[in-house]
Amino acid sequence: MLRFPVSLLLAAGCGAAWMWPTHWVGPLLSLLFVGMVLLQHSRITRYLVALSYYAAGSVGLLRGVAVFFGAHAFWWEGAFLWLGSAALLSAGWAFADRPWKAVLVLLLDALLPPLGLFDWLSPLSAAGLLFPGMGLMGLLALGLLFLLIDAMWRHPVAARRGYRAWILGGLFAVSLIANEAVWTASEGAPSGWLGIDLQVGPASRSILTNQARHAAIIQDVLAPSRNRNIRVVLLPETLETEWAGNVWALQHAIPRGQIWLVGMSIPGAPGLLSDSIVALQAKGKPQTLFNSAFPVPVSMWHPWSRGTGYTVASNVGYTAGWWTAVRNIEGIRTWANICYDQLLPFVWIEGVIQNPQVILLTNNEWWAHGTGIPVIQANTAWVWTRLMGAPSLEAENA
């Protein structure tokens, strides 16, 4: 009688746990959420348990949408994005009455558009907790674990057979060894690489305000304490727009021998920008290295239009890059995950496949204070970079 209500509460707690600042709590409890779904006896109860998980974990959208759009926002827009995304992500779980079906739902939610465009809180990320440093093999090991559980689920008597116990024991041993290796290995960024957090807020339509903001950025980055033996500097997402004046001013501030990786909005086709990371040096042309795979749907990326929606900066939209390729920076295979993309397994799997040596994480989260979204993003990035076994460099603008 109490199984369903208790499962609802536990699932909601598992979703909300992603907002807990201890990185491993959310990914670990996401596995408990899967168990709560599998314990249900009907499609409707499985769906409601999943809905409880996703709705509790993404409730920050209510406040986030209101702050991002400001006076242009209506209360129902945030509610629609919150409950709509939770309802869609929960749909597949209604059919997950076996562990192998849970694996299928995880893959479909992560890789199938449009679900993959907002598949936050994914239990797939738990692979980084159980099998750190194993990359694609860690994801396969998580799938194998589910399949073994499925075999024992279906044939409880056959589960006593020794080979299944040996395989489970082997996976457990691999997990322990992988975790021990991660604990003992250095996780620091390359020597001479520095990520800088700023607190300059969004760009303004006021020329004078923007000039003061621009000066504050340069002054903060050039602080003497930051520039000892530094060669590569990472700056936050969408910090500037790539107008000629902005690029000129930044280049004239860069010390010789340094590379600044600046989060920039790059004008492209009329009414469209790309959310990118641009490499700038004291001399030479800017080089666009990375483009966001999926800028925030609805608020930034409007796949149904040609950039006619409203954003904070201007009446333009952003393009989706779809694929973020590894780039060579100072001889190091480098991959970037830009802001909203850090929530999505689709984008992280792109990085897993390419096996980079260092990961760049850039954010612009002035709009998300008090929503829990930055914590979810940080926890998600932590567990996926752990799966990839590569050090990360982060820059955030608040």
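The expected span of a helix is taken as 1.5 Å times one less than its number of residues. In the predicted model, helix H2, which covers residues 25–38, comprises 14 residues and extends 21 Å from its first C-alpha to its last, close to the expected 20 Å. The buried residues of H2 are Val25, Gly26, Pro27, Ser30, Phe33, Val34, Met36, Val37 and Leu38. In general, an α-helix has 3.6 residues a turn, so residues three or four places apart point the same way. Among the buried positions of H2 are Ser30, Phe33, Val34 and Val37.

The protein chain as a whole contains 13 helices and 11 strands. Of its 398 residues, 51% count as buried. Among the contacts in the protein chain with a separation of 6 or more, 70% are accounted for by residues 24 or more positions apart. The protein chain exposes about 18,200 Å², of which carbon and sulfur atoms supply 66%.

A right-handed β-α-β unit is formed by strand E10, helix H13 (residues 373–388) and strand E11. Strands E10 (residues 358–364) and E11 run parallel and are joined by six bridges. Within this pairing, Asn363 stands opposite Glu396 of E11. Strand E11, spanning residues 392–397, has a covered face consisting of Leu393, Ala395 and Asn397, whereas Ser392, Glu394 and Glu396 make up the uncovered face. In a regular strand, side chains alternate between the two faces of the sheet.

Technical notes. Residues numbered from 1 in each chain as written. Predicted model: local features only at pLDDT ≥ 70, side-chain atom pairs only at ≥ 80, totals over all residues. Heavy atoms only, no water. Helix = DSSP H or I, 4+ residues; strand = E, 2+ residues; numbered from the N terminus. Buried < 20%, exposed > 50% of the residue type's maximum accessible area, 1.4 Å probe, protein only. Contact = heavy atoms within 4.5 Å. Areas by Shrake-Rupley, 256 points an atom, 1.4 Å probe, with all protein chains shown as cover. Pairing = 2+ DSSP bridges. Right-handed = clockwise from strand over helix to strand, strands pointing away.
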